[in-house]
Amino acid sequence: MAGISHKLCFYCGLINVNHARVASDLLENDILKRNYDLVCINEPYFYQNTIGGCPKGYLQIAFNLEPRVAIIIKSALTFIKIEVERDMAVLSVIWNDMEYIIVNIYCSPSENLDSQILKLQTICNRFPNHRIIIMGDFNAKSSAWSPRPTGERGKSVLEFVNKMDLFIEKNGDSLATYSCEKGESWIYLTITKNIERNLVDNWCVHSEITGSDHRLITFTLCEKRTNQSKNRLVWKIENMKLLEFKTKISRLVREFKEKSLNQGNLDLMLRYFCEKLYRICGKCIKKKETKKLAQCRMVDG
């Protein structure tokens with residue numbers, strides 16, 4: 001595929017159109033209006049061997065027989081198809097000289113979730129040091145990403161997230177991703193790995209009519225390039241749970257001792273190490289200080 005010039009933001013969308021033509025037509029207009037780079041679709045409208053909602057200037061990636069997932073991507077982007085199945089599509093996408101593994105998956109509520117989780121684990125193990133973004137309708141409920149209690153499927157997703165050291169992108173005040181007369185739920189997830197927290201921006205569930213009982217979710221990958229000095233966090237040792245901090249740091253050091261470092265991946269591995277160190281600091285704040293982020297003070301760099 002042809003390359004694309006550097007730009008600061010990469011625009012992503014995801015939605016379940018529930019096989020509806022009207023929803024696909026609305027999505028096609030929205031793709032052009034918002035100028036998305038990539039959109040993941042669950043339960044796409046599939047007619048005469050083509051996916052509805054794919055405008056001119058974009059390519060559609062989907063299984064060739066009754067697909068339950070599809071990816072629409074700008075034709076100018078550089079990408080490689082890794083896997084394309086009925087329920088999962090995986091791409092390697094290059095943006096700003098970095099490789100991203102994009103996974104679109106659909107987990108039917110009437111089918112066992114374990115097999116889909118196993119597929120995702122295989123992808124994560126295959127690309128342990130890559131930036132990974134997983135998007136999909138998991139049909140799983142959990143208080144970890146919604147106001148609803150955690151069900152069995154939600155427990156399975158959380159076990160997978162914790163085991164693979166992933167992060168669930170969310171907004172605590174977001175609208176439900178699914179809404180109908182019978183009720184609403186938060187079942188569509190965006191899960192990331194090896195991606196700095198400040199890179200994912202403006203994750204949002206939109207309120208506009210989609211023609212489906214699922215709402216549109218969007219977010220951007222943003223490289224905030226600036227000549228101005230950045231603020232940095234300074235953590236106070238007295239506000240940390242030192243024993244837990246020491247244990248987690250030891251595990252982190254052991255983990256990176258086992259990794260293969262070379263001149264080609266050194267910069268990337270250092271960024272991963274710093275990101276995981278930041279997470280450890282956040283997890284080891286004393287409870288009474290959590291709300292204030294360990295009373296860490298902002299210091300001009």
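A cavity is here a set of grid points where a 1.4 Å probe fits but cannot get out. In this predicted model, two cavities of 30 Å³ or more were found.

The largest cavity holds about 70 Å³ of space. Its lining consists of Trp145, Ile168, Glu169, Lys170, Asn171, Ser174, Thr177, Trp186, Tyr188, Leu189 and Trp203. Two or more of these lining residues come from each of the strands β11 (167-169) and β14 (188-193). Divided by class, the lining of the largest cavity comprises six nonpolar, three polar and two charged residues.

The second largest cavity has a volume of about 50 Å³. Asp165, Asn194, Ile195, Tyr272, Glu275, Lys276 and Arg279 form its lining. Four of the residues lining the second largest cavity are charged, two are nonpolar and one is polar. Because domain 1 (9-222) and domain 2 (237-284) both contribute residues to this lining, the second largest cavity lies between the two domains.

Strand β7, spanning residues 78-84, pairs with strand β8, spanning residues 88-95. The pairing is antiparallel and extends over six bridges. Within the pair, Thr78 is placed opposite Ile94 of β8.

Terms used: Residues numbered from 1 in each chain as written. Predicted model: local features only at pLDDT ≥ 70, side-chain atom pairs only at ≥ 80, totals over all residues. Heavy atoms only, no water. Pairing = 2+ DSSP bridges. Helix = DSSP H or I, 4+ residues; strand = E, 2+ residues; numbered from the N terminus. 1 Å grid on protein atoms, 1.4 Å probe; cavity = no way out; pocket = protein on both sides within 12 Å on 5 of 7 lines; lining within 4 Å. Points joined across faces, edges and corners; volume = space filled by probe spheres on them. Nonpolar A, V, L, I, M, F, W, Y, C, P; charged D, E, K, R; others polar. Domains from an automatic or database assignment.
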